[in-house]
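Below are my comments on the model, as numbered points. Please read them with the coordinates open.

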Amino acid sequence: MHVMTVARELDLPEWLIFSGAIYQPVLNHLTGREADYGIKDYDLGYFDPSDTSYEAEDEVIQRVAQTFAPPFSEMVEVRNQARVHLWFEDKFREPYAPLASSEEALSRFTTTAFSVGVRLEADDGLTILAPFGLEDLFALRLRPNPNRRTTGFGRTAESAMRRWPELRVIAG
């Protein structure tokens, strides 16, 4: 909640907290682990197509790092989802078409269970976005994203199984 409260104050366009910052605490709760077990960072995505340069993103990265106090200043990893397609293929060796929103990024995650994003609204309500629903996450079930076949699913599942052996992997 601390990360979401500060992120809300940053007022980045279309911001979401997603990836391990969301699914890991859920898995930890469901498997009886400490809430922060396995969490190495908090992914904060935003969507600003007006300037997709690294320099513009780096300004936001620096602003975020200055806004959060340690240890969060080192743990919050912020990325402009409007520029992911510019570096994704070089890093992961897979093509990645441009996104139209932060929400669309969730539909491209390697597994349905991890495709969840959350935003803390001005009224303290939570907006939860889960294009594949929450059933797989709460059932401790990993299945590949049916809309995006990727070689990354195996790596993702293997890594998650090392931390949460209770997970069940369903090959697509």
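1. Tyrosine 23 and phenylalanine 114 are both buried, where buried means under 20% relative accessible area, exposed over 50% and partly exposed in between (1.4 Å probe, protein chains only). The model is predicted: local features need pLDDT of at least 70, side-chain atom pairs count only at pLDDT 80 or more, and totals for chains, interfaces and linings use all residues. Numbering runs from 1 along each chain as its sequence is written, and side-chain values use heavy atoms, with hydrogens and water left out.

2. Eight aromatic pairs turn up in a search of the whole structure. In one of them, the ring centres of tyrosine 23 and phenylalanine 114 are 3.4 Å apart and the planes are at 5°, so this pair is stacked. Rings of Phe, Tyr and Trp (its six-membered ring) pair if their centres lie within 6.5 Å; planes under 30 degrees apart count as stacked, over 60 as edge-to-face and the rest as tilted.

3. Tyrosine 23 belongs to helix H2 (residues 20-30) and phenylalanine 114 to the loop between helix H6 (102-106) and strand S4 (117-120), so the pair ties together parts 91 residues apart in sequence. Tyr23 and Phe114 also form one aromatic cluster with Tyr37 and Trp164.

4. Leucine 99 sits in the loop between helix H5 (84-92) and H6. Its relative accessible area is 8%, so leucine 99 is buried. Beyond its neighbours within four places in sequence, leucine 99 is in contact (heavy atoms within 4.5 Å) with Phe47, Gln81, Glu104, Ala105 and Arg108.

5. Methionine 1 is in the segment before helix H1 (2-10) and, at 60% relative accessibility, counts as exposed.

6. On the chain as a whole, there are eight helices and seven strands; helices (H or I, at least four residues) and strands (E, at least two) are DSSP runs, numbered from the N terminus. The radius of gyration, taken over C-alpha atoms, is 16 Å, which agrees with the value near 16 Å for a compact globule of 172 residues; the globule rule is 2.2 Å times the number of residues to the power 0.38. The C-alpha atoms fill a box of roughly 40 × 35 × 25 Å along the principal axes.

7. Of the 172 residues, 47% are buried. Among contacts with a separation of 6 or more, 68% are between residues 24 or more positions apart.
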